Amino acid sequence: MSTRDGMNYAPQGKPNPVCEKGEFRFAAIGLDHGHIYGMCNGLIEAGGELVWVYDPDEAKVNAFRTKYPDVKVARSEDQVLDDSSIHMIAGAKIPSDRADLGIRVMKHGKDYFTDKAPLTTLEQLQQVRETVAQTGRRYNVYYSERLHVECAVFAGQLVQDGAIGRVVQVIGMGPHRMNPSSRPDWFFRRSRYGGILCDIGSHQIEQFLFFTGARDATLISSKIANYNHKQYTEFEDFGDATFIADNGATNYFRVDWFTPDGLGTWGDGRTFLLGTKGYIELRKYIDVGRDSSGSHLYLVNDEGEFHIPVHGKVGYPFFGQLILDCLHRTEHAMTQEHALKAAELSVLAQMNATVVES
């Protein structure tokens, strides 16, 4: 799929199954965002069997079957939820509808894997947490800008190995291409997409918590603006936020919809990790003016300066870990608290944002 539009960002890796054929069966419900393709790719490459698809939009289903021709088309959502052989439901519904689907999935005894943003209100967050506790099922989240980017995966390994010491600050930049003519109506309605900090800001908050090893953080400030898309009165094309983690690490991130048409991909996403013994820069999707491929990692520490092209070398271990967590009821891919804490902080940043008049 094209990488010119972030909505169609669907990485493909190498097969690396962690289970036997048929041991992990999953379905897709809700095809409103193209990230569903990346989610399914990752699970299939890790050994999952895609069994069902359901969406009320026949055109979306037909497009999905072009990519996954062996999938069965369900007549209804209930037909999928009532299939006791299904372990997990993957979904990329409209953001405001994701929590309700997840609650139904968990109440049917299945784990849920949703696109980010996983929810849009604190009320939904409370309902999700209550359902997780009641059912013992998992509400997993596809934070793709870390989980499905090889240089970010490798950075996590370097940090764990102590390559830059203790991480004390994370700076994230998440620009996106607008392409308004390709966007559905819900994309421009704040109650549906949740706002820019809740939506694409959730990536940045999740990776801040991950790379610093933080369990929680305090919002210091956040801002939102609509600088250049006044025809969409509920849209926000810029947002930023600052946090301090419970372990003292700090964070600043900026997200926007200003990727120029001349860039060869949907966004020049970058992340900077400052450690006590060095620093790392991630050029996730392109190395501007030098290399159109993504996953470039730059490392500087006491041993020297290093440019490490990671594309095709590390893979995406999250999906195999997620399958094994589902099968064995472990929690190695991502803890439930981490996934929902990132969502909570995203909603809080959105709710408390200063609106910049422009």
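In which loop does A117 lie? In this predicted model, A117 sits in the loop between β5 (111–115) and α5 (122–135), where helices (H or I, at least four residues) and strands (E, at least two) are DSSP runs numbered from the N terminus. A cis peptide bond joins K116 to A117, with omega at about -15 degrees. Residues are numbered from 1 along each chain as its sequence is written, and side-chain values use heavy atoms, with hydrogens and water left out. Because the model is predicted, local features need pLDDT of at least 70 and side-chain atom pairs count only at pLDDT 80 or more, while totals for chains, interfaces and linings use all residues.

Nine strands form an open, mixed sheet in the order β14-β13-β12-β11-β7-β10-β9-β8-β15; two strands are taken to pair if DSSP finds at least two bridges between them. At its edges are β14 (304–309) and β15 (354–356), each of which pairs on one side only. Neighbouring strands of the sheet are turned by 10 degrees against each other on average, direction ignored; axes here are lines fitted to C-alpha atoms, for helices over the stretch in contact, and angles run from 0 to 180 degrees between N-to-C directions. As a reminder, strands of a sheet pair through backbone hydrogen bonds, either parallel or antiparallel. Strands β7 (residues 167–175) and β11 (residues 270–275) pair in the antiparallel sense over six bridges, and G172 stands opposite T271 in β11. Helix α9 (residues 201–212) packs on this sheet, touching β7, β8 (217–225), β9 (238–245), β10 (250–256), β11 and β12 (278–283). The direction of α9 makes about 160 degrees with that of β7. Contact means heavy atoms within 4.5 Å.

The largest nonpolar core has 107 residues, and I36, F64 and F113 have the most contacts inside it. Such a core is a set of buried Ala, Val, Leu, Ile, Met, Phe, Trp, Tyr and Cys residues joined through side-chain atoms within 4.5 Å; buried means under 20% relative accessible area, exposed over 50%, and partly exposed in between (1.4 Å probe, protein chains only). The largest share of this core, seven residues, comes from α11. Leaving aside neighbours within four places in sequence, I36 is in contact with A28, G30, L31, F64, A90, G91 and A92. Helix α1 (residues 35–45) is mostly covered, with ten of its eleven residues buried; I36, Y37 and M39 are among them. Just after α1, G47 takes a positive phi of about 110 degrees.

N179, in the loop between β7 and α8 (190–193), has a positive phi of about 45 degrees. N179 counts as partly exposed because its relative accessibility is 27%. R329, in the loop between α10 (317–328) and α11 (336–351), has a positive phi near 60 degrees. With a relative accessibility of 37%, R329 therefore counts as partly exposed.

Finally, K341 has its place in helix α11. This lysine is buried, since its relative accessible area is 9%. Apart from neighbours within four places in sequence, K341 is in contact with R129, L209, R215 and D216. The C-alpha atoms of K341 and E331, ten residues apart along the chain, are separated by 15 Å.
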